[in-house]
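Student: I have a structure to read and I am new to it. Could you take me through its features one by one, giving the general idea before each case?

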Amino acid sequence: MWTAVTVLCTLAAVATTVAAIAVMTSPPAHATEFACPHERSTGVVTGSGPGDTTSGPAAILGFNHAYYVDRSAEQARRFLTADSVIATGDRLQTGIDAAPADTRHCVSISPLTTGGESARWSVTVAEFRPSTEPWIARQTVTTRTVDEVTLISEITLA
């Protein structure tokens, strides 16, 4: 019973955060500024900053920053485990190149499960391309921490 209540509360928090991202960060077509709140509250991390490899949310932010801001598969791979299928081939750079250069993003991250060196995260990426409606991607991201370095091992659609 408590587990179900916890899951429902977590889902409600994620839904609220996603709604806030869509409302607060969806710029009008003529807007020149973009805002994505950088927040940490009750397990939810929201932002679009450069990230690092100190935690799951930091690695997820870093990967998305490399994808949308740096527009570099090489930089994005720094946040992926060596055995991640995301890191293989040219698919990653092809995806990056498909997005217009002035695309903006905002990421919301909530914990799902942890066990040993792995953790799973519920991730919502809001993508804002010029002159189009926001696009929302819901993902499950698995991270792995080895020797105090956290990297992404898998990204799947949720």
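Tutor: Let us begin with burial: a residue is called buried under 20% relative accessible area, exposed over 50%, and partly exposed in between, with a 1.4 Å probe and protein chains only as the basis. Please keep in mind that this is a predicted model, in which local features need pLDDT of at least 70 and side-chain atom pairs count only at pLDDT 80 or more, while totals for chains, interfaces and linings use all residues. Residues are numbered from 1 along each chain as its sequence is written, and side-chain values use heavy atoms, with hydrogens and water left out.

Student: What share of the 158 residues in the protein chain is buried?

Tutor: Buried residues account for 41% of the 158 residues in the protein chain. As for the surface, accessible areas come from the Shrake-Rupley method with a 1.4 Å probe, and for residues only the protein chains shown count as cover; the protein chain exposes about 8,900 Å², of which carbon and sulfur atoms supply 57%.

Student: How many helices and strands does the protein chain have?

Tutor: Helices (H or I, at least four residues) and strands (E, at least two) are DSSP runs, numbered from the N terminus. Here the protein chain has four helices and six strands, and along the sequence they follow the pattern α-β-β-α-α-α-β-β-β-β.

Student: In what order do the six strands stand in the sheet?

Tutor: In general, strands of a sheet pair through backbone hydrogen bonds, either parallel or antiparallel. The working rule is that two strands pair if DSSP finds at least two bridges between them. In this model the six strands form an open sheet in the order S1-S2-S3-S4-S5-S6, with antiparallel pairing. S1 and strand S6 (149-157) stand at the edges with a single partner strand each, so one side of each is left without a neighbour in the sheet.

Student: How are S1 and S2 joined?

Tutor: Three bridges join S1 to S2, which run antiparallel, and Glu-39 has Thr-46 in S2 as its bridge partner. The two strands form a hairpin with two residues between them, and Thr-42 in the turn has a positive phi of about 35 degrees. S2 also pairs with S3 in the antiparallel sense over three bridges, where Gly-47 stands opposite Val-107 in S3. Both faces of S2 are covered, for Val-44 and Thr-46 on one side and Val-45 and Gly-47 on the other are all buried. Further along the sheet, S3 is joined to strand S4 (residues 118-128) by 11 bridges, again antiparallel, and Ser-110 has Ser-122 in S4 as its bridge partner.

Student: Which strands does helix H2 lie across?

Tutor: For such questions, axes are lines fitted to C-alpha atoms, for helices over the stretch in contact, and angles run from 0 to 180 degrees between N-to-C directions, while contact means heavy atoms within 4.5 Å. Helix H2 (residues 56-70) lies across strand S2 (44-47), S3, S4, strand S5 (135-146) and S6, and runs at about 150 degrees to S3. His-65 is found in helix H2, where it is buried with a relative accessible area of 15%. Leaving aside residues up to four places away in sequence, His-65 touches Ser-48, Gly-49, Pro-50, Asp-70 and His-105.

Student: Which cysteines are joined by a disulfide?

Tutor: A disulfide is a pair of cysteine sulfur atoms within 2.5 Å, and by this rule there is one disulfide. It joins Cys-36 to Cys-106, with an S to S distance of 1.9 Å. The pair links distant parts of the chain, 70 residues apart: Cys-36 lies in the loop between helix H1 (2-25) and strand S1 (39-41), and Cys-106 lies in strand S3 (residues 104-115). Cys-36 counts as buried at 9% relative accessibility, and Cys-106 is buried at 0%.

Student: Where does Ile-86 lie, and which residues does Ile-86 touch?

Tutor: Ile-86 lies in the loop between H3 and H4 and is buried, with a relative accessible area of 16%. Not counting residues up to four places away in sequence, Ile-86 touches Phe-63, Leu-80, Leu-92, Glu-154 and Ile-155. Ile-86 and Glu-154 are 68 residues apart in sequence and 7.3 Å apart in space, C-alpha to C-alpha.
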